[in-house]
Amino acid sequence: MSKIKGSFTLPGESGYEQLTLRLAEKWGADVIRDSDGTQLSQEILDAGYGIYSTICIIREHNEWLKSHPDCRQQTFLMTPAETAHDSQLTISLMKSFFTEQFEVNSRISSLKYWQVYDRTTETLLPNTSWKYNNDTESVTLFQAVPYHEYTVSFLAYRIWEEISMYNHVTNNWHKQHLIPVDPRNKEAREYLYGWLENWCQTHPATTVVRFTSLFYNFVWIWGSDELNRNLLTDWASYDFTVSEKALEDFEKKYGYQLCAEDFVNQGKYQVTHMPPTAHKRDYMEFTQEYVAGFGKELVDLVHKYGKQAYVFYDDSWVGLEPYGPHFKSIGFDGIIKCIFSGYEVRLCNGVSAPVHELRFHPYLFPVGLGGLPTFKKGGKPADDARDYWINARRALLRAPIERIGLGGYLHLVEAFPEFIDYIEYIADEFRIIKELHKAGKPYVLPCRIAVLHCWGKLRSWTLSGHFHETYMHDLIHVNESLSGLPLDVDFISFDDVRKGALSNYDVVINAGKAGSAWSGGDEWQDPSVAEALNKWVYEGGAFIGIYEPSACTGHGDFFRTAGILGVDKDTGAKVCHGKYKFKVTAEAGLIPEKATIKKEEGVFLTDGKATVIAAEGDSPTLTIHDYGKGKGVYLSHFAYSLENTRLLLNIIVRAAGIEDKALYISDNTAVECTWFPEKRTIAVINNSASAQKCAIKTEKGEREYNLKAYESIIEVVD
């Protein structure tokens, strides 16, 4: 194909005009953007490119906040448990927290929401049994029980917006600490609206206002001890949305009062990996409705001035919920997602928005998110860019994306010419892939897949954060593998199951640790869920359970789907019971060479009828069990790799009974294939660092390919 340009957003930088315009030409950019800490000069603005202007609507308002301190954003914090040694105990509130990030909110309106708990008995102490000392920022208990443990939960102002805080620390900035504004307060809402109107009036060159999300950041609580600086991170938590105003408005709308414990949850907080409580679901809906309402006002204002509004699906995105019921009403013209992995490509693609854009890594910072050098001595940004691109490319062939780009400080790339050249390669290959999708959807196998967990559609293609933050969960590995496979995938909830959604699918996957939102927790206590799944599999469906699927207590089996799977897990209750002996019956071609399956202790056969395909010692790691007309497949663990991705595909094909219908699959696990039937075009990609050979089965016979390391071959097939 001839070289195409456009569909690329380049970060420009005042003072580096020549570099900005040179790379805009080399990378085929049609848009130039600013980044946090940079500006675009008039020369860049007048160069004929579209202009993205980045704004974080709740930052850069410190002067206004000096006279409106109650409009600062807040959160509930809970002190670590402390043991009383007599009837009086004094607990310092901020001893464990980063005092540059938080400040105690000791206003009278705040104190009524504070809670002191006896954690030994899990009882709430009456407010009359403790007193707050503002001078020492401590709470003293007067009726403590010796050797019981106590905690204090309190409201705290956030005095350093977390993304600003991260950027300062990462880049060693010495600038004013930016404080986040809470738009819940009427004065703040009016101020922010007026600020944005003035901004639109004074930025005539801007074609797209790039909202760095909207109002509320994901929870990121830092501690006072550098040995444990990061106390809590959850990219989908609602902790940072709370305030006295929010709690008051919630009570008026829902008729009941939330308390600190609804948020801190014994110090576990309401993290996304845990099944949500009814109170959390109500509070999320309450917050989403508010964010969408005020967000629409701001987007309408941007449109009034003839500009488009895009939103960055990271940072202060909480309450935005692109897969929620309110997002579409906001009216964004585009959504931008920063990515490291394939599943994040799919996450962006599935959002209802006219334009989908990916911001690639590495970000143009001296160091990366893990603290390792990127654009500084010792860094290898070209290698980083390649790794992220290879992860994304397989998903991009499955799901169309309109634009890609970078962010950060462009001048940093000057010392890394290999990176400059590789970004040119990425941009060119992306535009070719984009063209392929214009003719129609790629071919998928004739089976419909559902991933079942507590969140369903709301958490499509994600858990909570990037891969490096959620790698310990088997489901994120499943998502990454699925992102580039020739399959139609939906994410469904247990409510969907109760409403009859199983009839829409051929294969259901449930993967996760017992008690987690991903396995399902107490949702499996509902007999109607077990009944629906049993019926669906018995009539021909395929259930794939990974790690501790359908696990819950209170029943004879630990796995609620033990009857379907033919396996269960002994948590200690059945150590005295006999267990079936088994022989491993390998199925040719099912488990690729170098595929790995970590064993899970305690797994055993329930009726001895499951076929054990793989095992480690006396622990079955892969089993297939007939259940009526359907099948139950158990996989003890799943970790993303090229070989394990093929293993998952093989399992799905085998369980769905479509072996004879599976076309356009490479016989080499390092190579994947996408077929675009309307364009009669095949795309073959080598995901590995070495040359590969493969054969691909098509409806017209096999096609053979030789590919260099990481190479893609795209050709029209007659």
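Three strands form an open antiparallel sheet in the order S6-S11-S10; strands are DSSP runs of type E of at least two residues, numbered from the N terminus, and two of them pair if DSSP finds at least two bridges between them. The model is predicted, with local features needing pLDDT of at least 70, side-chain atom pairs counting only at pLDDT 80 or more, and totals for chains, interfaces and linings using all residues. Residues are numbered from 1 along each chain as its sequence is written, and side-chain values use heavy atoms, without hydrogens and water.

Reader: Which residue in S11 is the bridge partner of Tyr132?

Author: S10 pairs with S11 (residues 138-141) in the antiparallel sense over four bridges. In S11, the bridge partner of Tyr132 is Val139.

Reader: Is Asp315 buried or exposed?

Author: Asp315 is placed in strand S16 (residues 308-317) and has a positive phi of about 60°, although it is not a glycine. Most residues other than glycine have a negative phi. The relative accessibility of Asp315 is 13%; buried means under 20% relative accessible area, exposed over 50%, and partly exposed in between (1.4 Å probe, protein chains only). Asp315 therefore counts as buried.

Reader: What is the phi of Arg680?

Author: Arg680 is found in the loop between strand S29 (671-676) and strand S30 (681-686). At 27% relative accessibility, Arg680 counts as partly exposed. Its phi is positive, near 50°.
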